[in-house]
Amino acid sequence: MKENILIIGGGAAGMEAATQLHKMGLNPIIIEKSEALGGHIAQWDRLFPAFHPAKDVVDKMLDQVKGIDVRLNTEVVDIQRDNNGFHAVLSNNEKIDAQAVILATGFDVFKAERKQEYGYGIYNNVMTSVELEKFFRTGKDDRINHPKRIGFVHCVGARDVKVCNTYCSKVCCTTALKQACEIKEVFPDAEVYTFYMDLRMFGPGYEDLYLKTQKDFDVKCVRGRVCEVSEDMDGKLVIKAEDTLFGKPLKMTLDLLVLMCSMEKNKSIDAIQQKLGVANNSDGFMQNKDMYLGMNDTAQDGVFVAGACTAPKSLPDTIGEARSVATQVYNYLNR
Amino acid sequence: MNSQIFHPFVLPFVLGMAFVLTYCVVGLLRVIGQLPKDDRKQFWRSLVTPKTAWANIRDLVGDCLFHVKIWKRNPVLGYMHTAIAFGWFMIIVIGHVMLFTLRPLEGVEVQGIERMLPNFYYPIFFKYFAEETPIFAVLMDFFLLMIISGILIAVVKKIHSKIVGVKRIMHFGFADNMIRFALWTIFPFRLIAEKSNIMAFWWLYSIDLMVFMFMLPFTRYMHIPTEALFILLRHAGLKPREPRKGYALAQIYSCPSCGLCIDACPMSVNDKNSGNTSAYFMKRLRNGDREEAQRIAETCMQCGKCVAVCPVSIESCDIKMSQREAVPYTINSNHSYLDAYYPSETSNAPVLYFAGCMTQLTPKIMRAMKKIMEAAGEKYEFMDKDGGVCCGRPMLLSGKTAEAQAMMAKNTELIKQSGAKRLVLSCPICYKVFKEEYQLEGVEILHHTQYIDELVKKGKLKVNKNEVNYVYHDPCELGRAFGVYDEPREVIESIGNLCKAKSEKELSICCGGSLGSFNLTQQERDEITTISVNDLMFNNPDEIVTACPLCLKTFARKSPVAVKDIAEVVADQLK
């Protein structure tokens, strides 16, 4: 009998880990709480830095997991461990025994309402980066009516002590520039501004994207945080910020404001995580064994982690970790 | 009965007594001498003003004699303290009464100075020198045993404080421990001496008294004589001007280091921080440890709970503020923009609404207030619609009075110019400073809880009642600072069900977001927020309602249920 590996989460990390384990001749089982595989990436339109359609990547991954045991609309409700391995109970009352568990539970998007000063859920023309991506995908959003001036706020819920998230969310900088270019494509006459603390262009082609954003798309990048948003008589947004390069406060009227929401730990897994004995790190994400050689291991033997459940990660980071976790699991089972 | 008028064992007591009396007189003159001239005048006047004179008598009897506030806080501690202090007071009084009833002493013929001399020590060592009449003998034994019962509780408290309902007690140095030992042994020695008449115990008793009195000025027991003076100064309405002079000095010496504020302080949730509580602050100040006192003053969140639970009513928050003023926070600020700042327009509306910076960052509250004022048909002007000048509280908290005054002057000018008769504020932080520091004669200052309550009661605001269970959090600067407890609760009762938090009103726990502290870490604040939220969730409410934008933002991070401002919940229930 093939050895079962329980993979919690059917996003990029879960799918890629399952693919690799399957190729190794093991029997991965993906437990996905939503109705489809693909996770957050399936909600995305195009990927930075090259505007590559996300659907391409997701479709390829879906193709690879064909033949792998997948349970959709299912959650793990209980998990116990004994000398024979792990014994999980699913929300459909099914019981699964497994030799190893991979937590590939990913992230939650920061709830923009928590930064009330940015007016999400209060003013009509404030939206999140996730919603804008949906607009690019579907072409529909009531809030977007030929905006003349558009602003992007970086680091919403990231690097912000006031919401208890001190970490950098890694992908929002590049996403903001990508989205700024894309909205400019849709509305070429609009003025587009981004308000950033630092622009962290850490990957290949990212810095080029930054230059392109300014040169080819005429997006204006302002170094400074937006502090307050209000609405004027006509329903337009009035933002206050500081241009730290000029050292001057700034006030601007906008038709649309996009909040680049950070990644937060996916809390829906907390109960199972606790039963498995995996702790959180100071950022609230899952704690792996060590950040260099034990990035897929946890304090518990046989419990592995991959993807954005341990920290904010880009898609290539996640794929890399998913492949490495497969090796780790293989070695664990053959030790 | 020993028919003599003197025995050398009374000497230690007499010496100790002379020392303490001298020290107290000098101390009294020093405190009064250090008061600023105006304060001193105010003090003398208060002594002859009927209202304050009555308050003085009431508190001198209630607090110094019967310790009413300790009883209210914790009956076991109330009994412990009353047994010792009131018991001791009574045996001194009875001793003196007996002195009068028994004179002239049988078989003793004395005159002049020798006739007066025994008055000093007879009441203290009565049984050695004269015979007690039976009724007094019973009374004396009763009070002596009462004191000893109090001491037994004190011993238990020292060993295992939780039995008497106290989690954390103060940790003392050598002097405080030694004087406590002296205090605990005085009365057993006296009892043994009286019953056995063994000379050694009369000596021990007297020496114990001497030790106690010589150490008194240098230990927490100095609160015994000082509290009386402090009560008089407090009723005169004085404010501490300097952290270790005058009125503040009287407060420092009045602090009994009982440690009740340690359990009350929200910071104590982290044991490491229980050393930052007011009891320790007062001790540092007394010992002249300025650096530590400054650090604690800057760590304090100024929530005022220590003041609320203090059995002596020490105004430790005010003293910490004067300590901050003595060493202001080192930031340089430029307020030259104030001269160029003009409001957009004035409409001569009777109500002026000032949102303040924190409310500007929580626009839901502003929106709700607009909706409410419009629904009530109120004519109002929005003072800081396009941004305004800060109320000045953050600068005051940093000890930067001059900068705060520059902003306060600008706001005063703007308010006076507007011609408004009422100023409505959404932020308790602003409310405190407008109420306490601004000179706005003819302008009524209201927090929006009071304003909404009035609109509802006058029938100007029609609201629906729903079935939501709300719990109300008392913001420190609205509740403890001004006693605004009932208005918000009545408003909530008119729109839904009000359920109780575990600790309410003056015992409400700071949200942890306080502007007051400069050096609490985010993690330490989070720990406080968590206990405060748990306390509010005690009866499983559906929503947490507060009346401060800062509490709102702070709770929103940790609360399992929705957190709303009282204006928001009212605006949602308008008919």
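Guide: Two residues are in contact if their C-beta atoms, placed from the backbone, lie within 7 Å. Please keep in mind throughout that this is a predicted model.

Visitor: With that rule in hand, how many residues does the contact take from chain B and from chain A?

Guide: The contact takes 10 residues from chain B, and 10 residues come from chain A. On the side of chain B that touches chain A, at least two residues each are supplied by α21 (363-375), α28 (522-536) and α29 (549-558) of chain B. Of the contributors to that side, α21(B) gives the most, with 3 residues. Sorted by class, the side of chain B that touches chain A has 4 charged, 3 polar and 3 nonpolar residues.

Visitor: Which scores does the predictor give the complex, and what is the mean pLDDT of chain B?

Guide: For the complex, the predictor gives a pTM of 0.82 and an ipTM of 0.73. For chain B the mean pLDDT is 89, with 96% of the residues of chain B reaching 70 or more.

Visitor: How many helices and strands are there in chain B?

Guide: Chain B has 30 helices and 8 strands, and its C-alpha trace spans about 95 × 50 × 45 Å along the principal axes. Of its 575 residues, 47% count as buried. Among the contacts in chain B with a separation of 6 or more, 76% join residues 24 or more positions apart.

Visitor: Could we finish with one residue: is B:His235 buried or exposed?

Guide: A residue is buried if 20 or more other C-beta atoms lie within 10 Å of its own. B:His235 has 21 C-beta neighbours inside 10 Å, and therefore B:His235 counts as buried.

Visitor: Where is B:His235 found, and which residues does B:His235 touch?

Guide: B:His235 is found in helix α12 (residues 223-235) of chain B. Leaving aside residues up to four places away in sequence, B:His235 touches B:Ser46, B:Thr52, B:Ala55 and B:Asn56. The C-alpha atoms of B:His235 and B:Ala53 are separated by 8.4 Å, although these residues are 182 residues apart along the chain.

Conventions
Residues are numbered from 1 along each chain as its sequence is written. Chains are lettered from A and ligands numbered from 1 in the order in which they are written. This is a predicted model: local features need pLDDT of at least 70, side-chain atom pairs count only at pLDDT 80 or more; totals for chains, interfaces and linings use all residues. pLDDT is the predictor's confidence in each residue, from 0 to 100. Helices (H or I, at least four residues) and strands (E, at least two) are DSSP runs, numbered from the N terminus. Ala, Val, Leu, Ile, Met, Phe, Trp, Tyr, Cys and Pro count as nonpolar, Asp, Glu, Lys and Arg as charged, and the others, Gly among them, as polar. A residue is buried if 20 or more other C-beta atoms lie within 10 Å of its own, exposed if 12 or fewer, and partly exposed in between; C-beta atoms are placed from the backbone.
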